[in-house]
Amino acid sequence: MSDADDASLDKPSLEKHGEAEKHAEPKKYTSAELENMSKDELFELGTNLDGVDVAFRRDRWAVKGTRAEKRAERSVAFWFALAGLAGLAFGLIYVFWPKDAKGNGIATGWEYAGIDDPGYLMYTVYTPLLGLTLGLAVLSIGIGAVVYTKKFIPEEVSIQDRHDGGSSEVDKKTVVAVLGDSLTTSTIGRRKLIIGSGLFGVGAVGTMAILPFLGAMIKNPWKGGDKAALWVSGWTPDYPGQTIYLRYDTGRPHDIVLVRPEDLDAGSMMTVFPFKEAHRNDEHALFEELRGIRNAVMLIRLRTKDAEGAIKRRGQESFNYGDYFAYSKICTHLGCPTSLFEQQTNKILCPCHQSQFLATEYGKPIFGPAARALPQLPLTVIKEKGPDGKVEEFLVAASDFHESLGPAFWERKTT
């Protein structure tokens, strides 16, 4: 070979030649030519056009229909079927779990049951069973997919060059062929047992996923008229003149600790809940008072100077008791708990979306997405004997809230 030949094959020339080959225009195929190609020919053409080199491919089952293959198919079907059964069990437990197993009004599934109530065991296992069936269904779907991949998808090593550009008609045709080949080589088309169990499992899990969403829409919020859920709370009297106390939550529903005016220092805040004397020995009712979604109230003792300069809403000038102001803890934006009180500025803060309300101006929103003031609970005190027999003052609600609690809705009665 001459020096001139050597020069023509130097490294830069070879690299340039390789780049030219890489960007060479592919052969043009007519629609008729593509239609006349077999599936295998289209698959091979597609891999070549995509720069894919199938370096190694081996079928998992060279001999079809063996006992080992049938066992593998049954193992995959077992996991999919188990997912379906777990999803079905979730749905049945969610919808049909007994709420009143012994006819005594004690809810054993969706509602609270005390430790001494009949049906307490059914109540305690309800949520764990939902978690168990949900977890088992999702886990089984995953295991079934992994087992199928390992048992039936061919072993393959492919290498592909990256390239830019849009898809031509040839690419579109060959992609369909490549996907069809993947479907064929996966052998899923002839795995009727796996297809049936897979559809059962995925369908049950899908239904299970939407049940909680649908379940939240079943209850009619207007049922009960003026006593419908949107209009009442634990602060709503059961009869005219009923005394509703302010109480702490100690973590035990039957542990009743009432709030006295001297319990808070100036500039401090605590969360309080309603207590009705008629519920003293009713653990279920006591629990509902503490966990009712609209029952939490922020009791704030302002500094005397701040309380004297507070701006009050028209018609609600007497709602505070001295330095004490009480506001619903449920944010009027999306119902998050307004859990924070900034002592120096008297701002009430909602940590979810940063709405701010001014405690010294009838809970008026001053920042963030909330557009409605926090409803204010009217306060007063009564004198009666405490646990030690001494006459003490206790904070009570002077009346129910005058506004609807929580986020705004079209039918609310006040603004």
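The model is predicted, so local features need pLDDT of at least 70 and side-chain atom pairs count only at pLDDT 80 or more, while totals for chains, interfaces and linings use all residues. Residues are numbered from 1 along each chain as its sequence is written, and side-chain values use heavy atoms, with hydrogens and water left out.

I start with the cores. A nonpolar core here is a set of buried Ala, Val, Leu, Ile, Met, Phe, Trp, Tyr and Cys residues joined through side-chain atoms within 4.5 Å; buried means under 20% relative accessible area, with a 1.4 Å probe and protein chains only. The largest one has 18 residues, and Trp235, Leu246, Leu299 and Leu377 touch the most other members. Strands, which are DSSP runs of E of at least two residues, numbered from the N terminus, contribute: E3 (244-247) and E12 (391-397) are among those that each supply at least two residues of this core. A second, separate core has 16 residues, including Ile300 and Leu374.

Next, aspartate 400, in the segment after E12. Is aspartate 400 buried or exposed? It is buried, at a relative accessible area of 18%. Beyond four places in sequence, aspartate 400 is in contact with residues including Trp235 and Leu377, contact meaning heavy atoms within 4.5 Å. Trp235 and Leu377 were also named for the largest core.

Technical notes
Buried < 20%, exposed > 50% of the residue type's maximum accessible area, 1.4 Å probe, protein only. Helix = DSSP H or I, 4+ residues; strand = E, 2+ residues; numbered from the N terminus.
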